[in-house]
Amino acid sequence: MGSRRDFSLSSTPSLLVILFCFGPFSHINAKVNLTGPSSTPINRDLYHTSDTLMEQIKALVHRHPDKLYMETFRSKNKGYHADMTVVTYCRNRKQIDDKSKYRILLSFGQHGRELITSELALRILSILSKEQSLPNVDPLSLHNLFERLVIKVVPMENMNGRELVEAGDLCERRNGRGVDLNRNWSVDWGKKEKDYDPYEENPGTAPFSEPETQMMRKLCLSFEPHIWINVHSGMEALFMPYDHKNTTPDGLPSYRMKLMLQRLNHLHCKGRCLVGSGGGSVGYLAHGTATDYMFDVARVPMAFTFEIYGDGTASAKDCFKMFNPVDQTTFNRVLNDWSAAFITMFNISTHELDELRSNTTASNLDKFVSIDDYLNGYLMDRRSRYEKKMEVLDLGMQEIRTYFRLFFLSSVLLLLMFCCRISKRIRPIISGTTF
Ligand SMILES: [Zn+2]
């Protein structure tokens with residue numbers, strides 16, 4: 001604890017919260033001592049332990065085997081092990097590979113200290129399984145929406161980091177060996193701003209050096225989601241790419257993404273949420289983030305980071321209070337508001353995707369266009385990129401085959417020439433003996 005550096009505090013407490021969650025502390029100006037214990041402990045009347053949360057999720061999955069299933073992955077790197085549980089929802093599991101459905105990937109708890117996000121994961125799974133309902137939502141429209149979705153939920157991406165938090169290091173956001181899992185991705189990886197603080201933003205030794213990031217990347221590339229949401233706390237915000245530069249991507253899909261977030265802000269955030277690119281809205285840049293990778297490399301058409309809660313009045317050393325609601329009323333409000341916001345988000349974005357798909361099909365009436373081929377060829381690009389890799393591999397194999405054939409042919413020729421020379425030498429002896 002004592003090794004943590006002093007940092008400065010500006011006049012706006014909300015900015016401090018932003019910087020805590022999303023980036024470095026030190027954009028701030030007055031000195032505050034981070035040493036010393038966090039003043040608010042984890043409220044166990046509100047928050048599950050990691051174990052009980054996972055048990056609850058497991059029990060939920062067992063009660064709904066027709067809709068939910070759970071997998072646990074394990075990965076290791078240089079003696080460091082990490083586990084990751086993934087829950088998949090599909091209203092009828094037999095249709096899980098139906099390509100007409102929209103695929104959504106949600107990650108919670110990427111930063112250890114943001115406990116509220118994993119509670120939201122449990123709430124969303126309870127709503128998907130219909131064990132909990134949303135007030136003021138027509139059950140039939142919800143039923144129709146869920147019918148169209150396959151959702152993968154990672155309720156606690158950073159299990160090892162969360163363990164450290166629960167053991168008392170309430171300000172820890174990194175994984176079990178001190179790497180920030182939201183700086184360990186490959187887009188603009190490792191770039192350090194002037195105020196870089198390894199306690200907060202250590203990007204690891206290389207992109208994807210961490211088992212947790214490796215597992216998330218594999219999950220994304222195999223699932224090929226249409227929508228990705230990285231769920232954090234520390235402020236209230238609806239972010240879209242980019243995090244590593246202060247602009248949003250060009251083009252109509254990006255513009256529509258922004259409109260969608262503005263609508264969500266109006267409907268569920270009472271206009272309090274910051275909306276826009278992560279890098280542009282917060283006022284500093286974040287390098288090597290998951291959302292930038294999902295958008296730029298994995299080509300997920302709709303990639304977001306949602307920040308669901310932050311207490312700007314909390315003191316800088318009071319991490320639990322800064323990142324998590326501490327009273328029952330606020331705890332319930334956050335879970336109610338944000339579970340509703342996610343469902344609205346699924347609804348709006350599937351309509352957006354429908355529209356983009358119908359625009360694509362309208363211009364390609366003579367041939368069937370699958371859902372993966374929409375959005376200006378986003379996913380097409382990805383597929384053709386992989387195909388190119390396969391082509392390169394195929395070309396390599398062809399070359400090897402050609403070389404092998406040439407080698408075989410020249411060996412046979414050499415053998416023939418050798419045999420001919422021997423037979424020429426032998427022939428006079430034979431003729432000599434017959435003559
Ligand atoms: Zn965070």
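Biologist: Which residues of strand 8 are buried on one side, and which on the other?
Modeller: M235, A237 and F239 are buried on one side, and E236, L238 and M240 are buried on the other, so both faces of strand 8 are covered. Buried means that 20 or more other C-beta atoms lie within 10 Å of the residue's own; exposed means 12 or fewer, partly exposed is in between, and C-beta atoms are placed from the backbone. Strands (E, at least two residues) and helices (H or I, at least four) are DSSP runs, numbered from the N terminus.

Biologist: Before we go on, what sort of model is this, and how does the numbering run?
Modeller: This is a predicted model: local features need pLDDT of at least 70, side-chain atom pairs count only at pLDDT 80 or more, and totals for chains, interfaces and linings use all residues. Residues are numbered from 1 along each chain as its sequence is written.

Biologist: Back to strand 8. Which strands does it pair with?
Modeller: Strand 10 (residues 302-309) runs antiparallel to strand 8, with 5 bridges between them. Strand 9 (residues 274-277) pairs with strand 8 in the parallel sense over 4 bridges. Two strands count as paired if DSSP finds at least two bridges between them.

Biologist: Where does helix 8 lie?
Modeller: Helix 8 lies across strands 8, 9 and 10, at about 160° to strand 8. Axes are lines fitted to C-alpha atoms, for helices over the stretch in contact, and angles run from 0 to 180 degrees between N-to-C directions. Contact means C-beta atoms, placed from the backbone, within 7 Å.

Biologist: What is the strand order in the sheet?
Modeller: The open sheet has 8 strands in the order 3-4-6-5-7-10-8-9, with mixed pairing. Strand 3 (68-77) and strand 9 are the edge strands, each pairing on one side only. Elsewhere in the sheet, strand 5 (residues 102-108) and strand 6 (residues 149-154) run parallel, joined by 6 bridges.

Biologist: Now the core. Which residues touch the most other members of the largest one?
Modeller: L106, L120, L238, M294 and F304, out of 72 residues in that nonpolar core. A second, separate core has 9 residues, including V165 and C319. A nonpolar core is a set of buried Ala, Val, Leu, Ile, Met, Phe, Trp, Tyr and Cys residues joined through C-beta atoms within 7 Å.

Biologist: V165 is in helix 5. How many residues of that helix are buried?
Modeller: 6 of the 8 residues in helix 5 (residues 159-166) are buried. Those buried residues pack against helix 2 (50-63) and strand 4 (80-90). G168 follows helix 5 and has a positive phi, near 125°.

Biologist: Last one, S186. Where is it found, and what does it touch?
Modeller: S186 is in the loop between helix 5 and helix 6 (198-201). Not counting residues up to four places away in sequence, S186 touches P207, F208, G288, Y293 and V297.

Biologist: Buried or partly exposed?
Modeller: S186 is partly exposed, because 16 other C-beta atoms lie within 10 Å.

Conventions
Two residues are in contact if their C-beta atoms, placed from the backbone, lie within 7 Å.
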